Amino acid sequence: MGGGAAPAAASLAAPIDRSAWTLITAFALLHAALAAIVPLSPQEAYYWLWSRDPSLSYFDHPPLASYSIALTTALFDTSAFGIKMAAVGWSIALNVVWTRLLTDFGSDRQVQWWSLLALNLIGITAAYGVVIAPDTPLLFAWTATIWAVWRAAATGNGRWWYAAGIFFGLGMLSKYSAVLLGPALALFLLASQRQRHWWGRPEPYVAVVLASLVFAPVVIWNAQHDWASFAFQSSERAAGMNRWQLRHFLQLIATQLGFVTPYLLVIALMTWFAALRRWRDLLTDDRRLLLIAAATVPLVLFTAVSLRSMVKPNWLAPAYWPLIILAVEERLAGGTVPRSFKLGLASSCALLLAAIVAVSWPNARLGDLDTWSGWPEAAKRVDDLQRELSGRGERSFVFSTNHKSSAMLAFYRQGHARTYAQDVFGERALQFDFWPPEDGMEGATGILAIDDMHDRSSLPLQLPSYCRALTKVDTIVDSSGSGAPRRIDLYLCQDYRGHPRRGNSENEPGRKRAAARRVGAILRTGRAGAAFDH
């Protein structure tokens, strides 16, 4: 790969090599097979719930991941496999655009193949080949935007900026962090003497307009809901960054080692530091400059944020793939594949295989990492309880104290029946707060599931103020595998006093103190008179 302003015209017209297509196909089949055996995560169940309520956008994130789930569950079925096929589809698209970018860079067949292999061994990338989340389409859109900008830079054809604008908009329709593409591309256009002329041409500005149009549904939804999502992802998160906390930075390093794999993380960061040290050479190579700019903005920003607040492992996902491309190119520059490079990729592959086995092995126990076991059994028991209540002529509804737990219950319940979250007792419940409660809840019996992984089986102190009586009726124990058993406690919240959004949340003086005493009594006795015989 040369270091000039653009590759030879032949590379821009060259087809993707057959060996690369073989590798893309192999990973597609692997991801599809894993989608059939890897358990559904609570976060995926939560996004699936969104897909059942078509909307311009949602509270936590923009809607593209949810739209994808709606499509794949319609094509396949409403199952864990149907949901995860959305991730498989985006992964295939991501691999194709990666390979197209490498081809347009002028990479030879060997560099393409090994780069594609390394990119799929990045821990986060591998996970999003099977797990659907906002980051899954974001990775594709981020990469596709960089590819379209490179085509514009290499050919001088301004129409490629229009494609970049559409991809940029899809990124924003995936996750708000796609906005970081803006400063990354601005940095590239400012630093490259050959590309600064675009500041005086209309195409990049038209691209911004196109991106805004694609993103418009999210803006409209926010305007209709008091800018709730924008506030949640900006000012509310910033409010927690009020002091220096080194522990978050150390957590970031630890999680990145796991989520990227140690070898790939090390060579990515080594490549980044080396490029910045040779910044004069970097300014003469538009290809490298574009990739370094795409990685630098999220890498620097989220590292800085980690000094004051927690940074989730997936936030840095878009930063690694450009660095891995450059790292592989440097290691294969001599025309041979170094033994150390092969061993490094083998170590990453071994770690990913171990993770796959741990997650998909029947009855495997992963401690707090296991967020999926027990829910099918709990959902069945909840349905049984609801039928028993109905047989007694009692109205009922189902809820939990965590939005992810509620999503898992809803997925596994018969007919995916309506399930509430902590909104039932007046706590914020993210997207659940935007789904209107049903009529007739007042006076009904609430069936409550508390997951010991999320809630440690603790009853919220304010909950008894919404119930005439709160009774523990069952415990679902999943003791398969090794380690501590998983426990989901079931309670009855009898004579519910009404959903807060129905205007029934007023509490008389002293009611909360009484509620706290009642919670303590229930937890001390462990089981305060089951309402049914089992």
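Start with helix α8 (residues 135-155) and helix α17 (residues 286-305) in this predicted model. Their axes come within 11 Å and cross at roughly 150°. The angle makes α8 roughly antiparallel to α17, because angles over 145 degrees count as such. The crossing of α8 and α17 is right-handed.

Next, show the side chains where the two helices meet. On α8, select Trp-142, Ile-146, Val-149 and Trp-150. On α17, select Asp-286, Arg-287, Leu-290, Ala-294 and Pro-298, which those α8 residues meet. Colour the contact of α8 with α17 by residue class: seven of its residues are nonpolar, two are charged and none is polar.

Now leave the helices and select the cysteines. How many disulfides does a search of the whole structure find? The search finds one. Cys-467 and Cys-493 form this disulfide, with their sulfur atoms 1.6 Å apart. The pair links distant parts of the chain, 26 residues apart. Cys-467 sits in the loop between α22 (452-455) and β3 (469-478), while Cys-493 belongs to strand β4 (residues 486-494).

Is Cys-467 buried or exposed? Cys-467 has 0% relative accessibility and therefore counts as buried. Cys-493, also at 0% relative accessibility, counts as buried.

Finish at Cys-349. Its relative accessibility is 32%, so Cys-349 counts as partly exposed.

Notes. Residues are numbered from 1 along each chain as its sequence is written. This is a predicted model: local features need pLDDT of at least 70, side-chain atom pairs count only at pLDDT 80 or more; totals for chains, interfaces and linings use all residues. Side-chain values use heavy atoms; hydrogens and water are left out. Axes are lines fitted to C-alpha atoms, for helices over the stretch in contact, and angles run from 0 to 180 degrees between N-to-C directions. Helices (H or I, at least four residues) and strands (E, at least two) are DSSP runs, numbered from the N terminus. Angles under 35 degrees count as roughly parallel, over 145 as roughly antiparallel, 65 to 115 as roughly perpendicular and the rest as oblique. A crossing is left-handed if the near helix is turned anticlockwise from the far one by less than a right angle, and right-handed if clockwise. Contact means heavy atoms within 4.5 Å. Ala, Val, Leu, Ile, Met, Phe, Trp, Tyr, Cys and Pro count as nonpolar, Asp, Glu, Lys and Arg as charged, and the others, Gly among them, as polar. A disulfide is a pair of cysteine sulfur atoms within 2.5 Å. Buried means under 20% relative accessible area, exposed over 50%, partly exposed in between (1.4 Å probe, protein chains only).
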